Amino acid sequence: MDTESTHSGYSYHSSRSGRSNRHGDRSRERHKASGSKDSVRSERSVVINPPDSPSQDSPVHNGEPLPGEPTPTADEGDEAQDDNWGETTTAVTGTSELSISQEEVVGLGKEMYDRTESFRRYLPLAVGSCVGLLVLATPLAFLLLPAVMWPDRLQACGAACEGLFLSIAFKLLILLMAMWALFLKPGRASLPRVCVYRAFLTTLTLLLTMSYWLFYGVRILDAQDEDYHGIVQFAVSLVDSQLFVHYLAVVLLELRHLQPCYSASVMRSTDGETRQYNIGQLSIQKAALSILEYYYRDFPLHNPALLSASKHRAAKHLAGLKVYNVDAFKNKLRKYLLDPPGSTAGAQPGNGNQSRAMVTAAAKRKDSAHNELYYEEADYERRVRKRRARLVVAVEEAFTHVRRMKKEDVHATPSDIMDVREAALAIFPSMARALQKYLRTTRRQHSHSMESIQKHLAFCLVNNMSPKAFLEAYLAPGPTLQYGPERWMADQWTLVSEASVTGGIKEGSEFLLKCLDFSLAVTIKGIPYIRLTEEYVDLKSHKFILLLQSETSV
């Protein structure tokens, strides 16, 4: 395979070093060789050798020396490294079977991330299933192994022993249902670290099971115990221990964090939207997960279009404050060209007056910035009210037309009656223009598609809702979950915390939840200890006597 390479670099020349002279000769030869091959140079890939790669004296490509280059000698390791390695790094370009483009590298990284994400998502479920099968199969194995290995020497199982069989059966059934309800459920999110309590419970369960297996192997299997009633009681004790471990799991995973202990303040970085939530004893990653669930439920949908107006206004305001003083240069040039050499009278007073006038005008523009903001917001509110009024009237007329047509459908033939979908498509054009203008004015047109609007309109017609109920989804921004996942603009979050994410939250804890377009800043405050006292009120102390005069005024 023919490989065309280009070498470029800067050489450090010194009259005191013969090596530097040889290096300069080789650089000139490489420049001459590269000039004749510029027209056929390949642009497929670029590989930059790092500083620890072979030096310029012996550049390599794909692990082999390049054609026309000397091979490295044994004494090169003793030479000092060039201090200007950042400037003398060799860039090799060419076509190779091992070369890949940047797009292929990005696609490969995305595929690896998807596989890793799927593995991390289903790994806890797989581990829980394996541990659950081990827990359920161990008591049954304890009962079956003696009956299979030495059935002739086992003692007969009486009524009490058979009653223990029934106890084991129901306890295992209860344990199976409890494990299914607590552990065998799909995960809500992918956390950055392993849950400490889940890992502790899994380790405790495995340790308990292995301990029982060790005792069972030494005292029962090796000795071939003939007391089958004792073996059954041993299996019952294992099931009881597993039930207690499951009770501990319920306390640690489901009950411990229910009592509120902290107040979390959540602020969105772009628009300052803030909410307060009470949370219990949780780790930082669990608290972040709970806050994200609250965010999708309570926070209005993030709308970056509302921020563009303020940015444009700020840029316009800053542009109005620029002052360029060119009078000094003009006066100096005029004095140099026109004024006599001994003359000192010039346009200096005019220069100062003109500069002061420009500064005063800029200050006035700065002082009037709040007036511009006031009138801009007033004009925006006026346009919104105008568009809203037109939209309300158009929707009310459309719904009135639908009600009128419903009354006429009583006398219509079955072939002329439309279904709900056709009715929604029929009345939608009458309100589409007003709705589109209102959404554009409020900068929320990206949150609603035509298909979703028609679907919502059909839903309102089926359930006989009023025009106000239909407009409620468009007149005010709703929570994030009200819209489709494609418009959330945040499906992958990054947790930034100085403390360990597996540690518990405490007073003053702060962490950040970052996504592509904005971030959520979370501050933890402790709920104060409330001291409530009682004050007894004697009912007799509220009794009083009303004295009325016998004579009244006429």
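Guide: Start with strand pairing. Two strands pair if DSSP finds at least two bridges between them. Helices (H or I, at least four residues) and strands (E, at least two) are DSSP runs, numbered from the N terminus. One caution: this is a predicted model, where local features need pLDDT of at least 70, side-chain atom pairs count only at pLDDT 80 or more, and totals for chains, interfaces and linings use all residues. Residues are numbered from 1 along each chain as its sequence is written, and side-chain values use heavy atoms, with hydrogens and water left out.

Visitor: Which residue of S6 stands opposite alanine 264?

Guide: Tyrosine 277. Another bridge pair is valine 266 with arginine 275 of S6. The two strands, S5 (residues 262-268) and S6 (residues 274-279), run antiparallel and share 6 bridges.

Visitor: How many residues lie between the strands in the hairpin of S5 and S6?

Guide: There are 5. Glycine 272 in that hairpin has a positive phi near 75°.

Visitor: Which strand is joined to S5 by 7 bridges?

Guide: Strand S9 (residues 519-526), again antiparallel. Tyrosine 262 faces glycine 526 of S9 there.

Visitor: Why is S5 described as largely enclosed by the rest of the structure?

Guide: First, the term. Buried means under 20% relative accessible area, exposed over 50%, and partly exposed in between (1.4 Å probe, protein chains only). In S5, 5 of the 7 residues are buried, so the strand is largely enclosed by the rest of the structure. For side chains in a strand, keep one rule in mind. In a regular strand they alternate between the two faces of the sheet.

Visitor: Next, salt bridges. How many does a search of the whole structure find?

Guide: The search finds 6. The test is a side-chain nitrogen of Lys or Arg within 4 Å of a carboxyl oxygen of Asp or Glu. One of them joins glutamate 273 to arginine 275, at 2.7 Å from N to O. Glutamate 273 is partly exposed at 23% relative accessibility. Arginine 275 is partly exposed too, at 25%.

Visitor: Which residue meets aspartate 298 in a salt bridge?

Guide: Arginine 297, with N to O at 2.9 Å. Aspartate 298 has 27% relative accessibility, which is partly exposed. Arginine 297 is partly exposed at 47%.

Visitor: What separates arginine 383 and aspartate 379 in helix H10?

Guide: About one helical turn, because they are 4 residues apart in H10. Arginine 383 is partly exposed at 33% relative accessibility, and aspartate 379 is partly exposed at 31%. A network of salt bridges links Asp379, Arg382 and Arg383.

Visitor: Now the surface. Which residues gather in the patch of positive charge?

Guide: Rules first. Patches are made of residues with over 30% relative accessible area and no salt bridge; like charges are joined within 9 Å, and nonpolar side chains (Val, Leu, Ile, Met, Phe, Trp, Tyr) within 5 Å. Lys and Arg count as positive, Asp and Glu as negative; His and the chain ends are not counted. The charge is placed at NZ of Lys, CZ of Arg, CG of Asp or CD of Glu. Areas come from the Shrake-Rupley method with a 1.4 Å probe, and for residues only the protein chains shown count as cover. The patch here holds Lys386, Arg390, Arg433, Lys437 and Arg440.

Visitor: Which helix gives the most to the positive patch?

Guide: H11, with 3 residues. Helices H10 (369-408) and H11 (420-441) each supply at least two. Arginine 390 sits in H10. Its relative accessible area is 44%, so arginine 390 is partly exposed.

Visitor: Last, backbone angles. Where is glutamine 224 found?

Guide: In the loop between helix H4 (196-221) and helix H5 (228-255). Glutamine 224 is partly exposed, at 29% relative accessible area.

Visitor: Is asparagine 464 buried or exposed?

Guide: Exposed, with a relative accessible area of 58%. Asparagine 464 lies in the loop between helix H12 (450-462) and helix H13 (467-475). Its phi is positive, about 55°, although asparagine 464 is not a glycine.
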